[in-house]
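Please look over the sequence and the model shown here before reading the briefing on its aromatic rings.

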Amino acid sequence: MSPLRRFLRTPEAIAGAVILTALAAVALAAPLFFPSDPQAIAGPALLSPFQDWSLPLGTDRLGRDVLAELFHGARTSLAVGLAAAATALAVGAVIGTLAGFAGGLVDEVLMRITDAFQTVPAFLLALAFVSIVGPSLGVVVAAIALGAWTGPARVARAEVLSIRERDFVAGARVIGMHPLEIALREVLPNALPPVLALSSVIVAAAILTEAALSFLGLGDPNRVTWGGMIAEGRAVLRTAPFLSIVPGIALVLTVLGVYLAGEGVVETAAVRKSLS
Amino acid sequence: MTSPLLAVSGLTKRYSSGGKIIAAADDVSFHIEHGETLALAGPSGSGKSTIARLILRLIEADAGRIEFEGSDFLSLNGAALRDRRAHLQMVFQDPLAALNPRATVARVLDDPLRIHHIASRAERPRRIVALLERVGLSAGLAGRAIHEISGGQRQRVAIARAIATKPSLVVLDEAVSALDVSVRAQILRLLLDLQREERIAYLFISHDLGVVRAIAHRIAILDGGRIAESGDARTVIDAPQSAIGKALVAAAPKLSRIERDAS
Ligand SMILES: Nc1ncnc2c1ncn2[C@@H]1O[C@H](COP(=O)(O)OP(=O)(O)O)[C@@H](O)[C@H]1O
Ligand SMILES: [Mg+2]
């Protein structure tokens with residue numbers, strides 16, 4: 001059976017895949033359906049949903065199109081979540097590989113740094129970083145990655161400790177390969193599977209952190225974000241609760257979709273491993 | 001008198017396991033001449049692989065000297081050690097474990113050519129084809145992944161990789177032990193051809209005295225990290241003096257057949 005078909009056999013995985021596909025479609029289609037600036041005023045303020053079919057989800061306090069904001073917010077959420085997770089996984093995998101492969105003092109120093117990062121709550125780290133450097137898309141991505149790379153680093157290091165004893169690493173030394181090349185080109189790719197298994201949890205956490213930062217007004221001010229929409233809606237929570245509820249649901253669905261699909265992938269990989 | 005290609009003296013490596021200290025290599029001395037095959041035989045756990053790894057600097061010795069190509073091999077480090085490795089290669093027992101499972105055949109052979117600046121990037125594909133043909137493989141194998149080819153083909157690839165840098169000594173640690181009998185005979189013939197044509201010396205590690213008798217000039221028999229006896233391969237195998245030598249000969253099933261072939 002192909003991995004894809006095995007993946008699609010679990011209902012959770014299907015649900016996750018459907019949600020993620022829809023989300024990706026929404027994110028990609030945003031500039032097509034809503035080519036104008038989603039932060040521009042589109043109609044009367046505080047229009048309820050399903051009243052005017054040119055503004056299906058109504059408008060917010062300033063008269064901005066909620067559906068357009070939702071679509072463009074999906075872009076930000078996904079882009080930041082994926083970029084932050086990719087950064088965290090790459091940095092973590094490299095640091096963990098170097099620590100595990102070099103051993104000795106290098107290992108000691110790198111793992112103490114990892115410990116230090118791990119003792120500070122990830123969200124505080126992100127908050128502090130954005131407050132100091134200032135909010136922009138790149139800074140938010142870096143801030144989230146800053147609190148997320150330690151898990152991948154530990155997993156990579158543990159994997160490398162066993163891989164470095166294998167004969168093909170000895171074989172690479174015998175042909176005179178530089179230790180750095182052995183670590184990054186021979187060992188690291190073989191240590192990746194368990195590291196990548198962390199990606200769904202990290203992407204989900206990154207999306208939530210991004211939303212939390214935006215909620216606190218520390219997101220990129222030039223972009224619509226779901227966290228920012230929730231914060232906006234808070235001022236009129238009694239009279240227009242949908243302004244907070246709609247992006248809130250989008251956020252929950254996204255995190256759920258990422259998590260379910262990720263579990264499906266891990267499950268599929270685990271089945272394949274036990275079969276081989 | 002020229003010095004031998006490899007001269008090992010007093011080589012010692014101790015491991016502590018469970019509070020006890022065992023000497024995996026205990027004051028081991030031997031030498032190998034240019035173009036010669038020295039067999040290192042001995043029961044499992046007698047220290048054969050330890051000695052191979054010490055010679056290749058995959059592990060560091062507690063005591064002893066290794067002279068290779070007339071200079072002190074143990075004093076080399078960093079780039080100087082990596083450069084000299086071109087002349088001292090190794091083939092492992094299990095080629096699937098000894099080659100990166102994610103690599104293609106072409107990449108496995110490209111690495112030594114690139115690292116030791118043996119051929120330019122443009123020239124390397126032709127060199128890889130030549131290496132494959134040298135070990136009796138078709139050029140079409142270059143694009144295949146290591147896990148897609150047979151065990152015998154893999155060991156040929158490992159040999160091609162080892163000879164890519166024109167080494168003067170190749171250490172073969174049980175390099176034919178995992179292969180079926182017919183494939184083993186082909187690989188042994190390949191090794192003999194390569195030795196005759198390129199004057200490569202081998203340190204041939206094996207517990208199979210039948211194979212040793214067919215390929216080695218001299219033999220050293222190990223027991224508990226020490227050399228129990230050594231000498232001309234046929235002389236020692238035909239009339240072992242040490243207890244361990246006698247036990248190994250008695251345990252070798254194919255030996256009687258090979259002896260009959262020889263007489
Ligand atoms: N890394 C190690 N740590 C502890 N003991 C080891 C290690 N490597 C080898 N030994 C011990 O050294 C002895 C020789 O092992 P080895 O050289 O692998 O023998 P052989 O290759 O002849 O079977 C064995 O008793 C083995 O248990
Ligand atoms: Mg061994």
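A:F33 is exposed, with a relative accessible area of 59%, where exposed means over 50%, buried under 20% and partly exposed in between, using a 1.4 Å probe and protein chains only. This is a predicted model, in which local features need pLDDT of at least 70, side-chain atom pairs count only at pLDDT 80 or more, and totals for chains, interfaces and linings use all residues. Residues are numbered from 1 along each chain as its sequence is written, chains are lettered from A and ligands numbered from 1 in the order in which they are written, and side-chain values use heavy atoms, with hydrogens and water left out.

- A:F71 is buried, with a relative accessible area of 14%.
- A:F34 is likewise buried, its relative accessible area being 15%.

**Ring pairs**
- The whole structure holds four aromatic pairs over all chains, a pair being rings of Phe, Tyr and Trp (its six-membered ring) whose centres lie within 6.5 Å, with planes under 30 degrees apart counted as stacked, over 60 as edge-to-face and the rest as tilted.
- One of them joins A:F33 and A:F71 edge-to-face, at 6.2 Å centre to centre and with 75° between the planes.
- A:F34 and A:F71 also pair edge-to-face, at 5.2 Å centre to centre and with 70° between the planes.
- Through ring pairs, A:F33, A:F34 and A:F71 are linked into a cluster.
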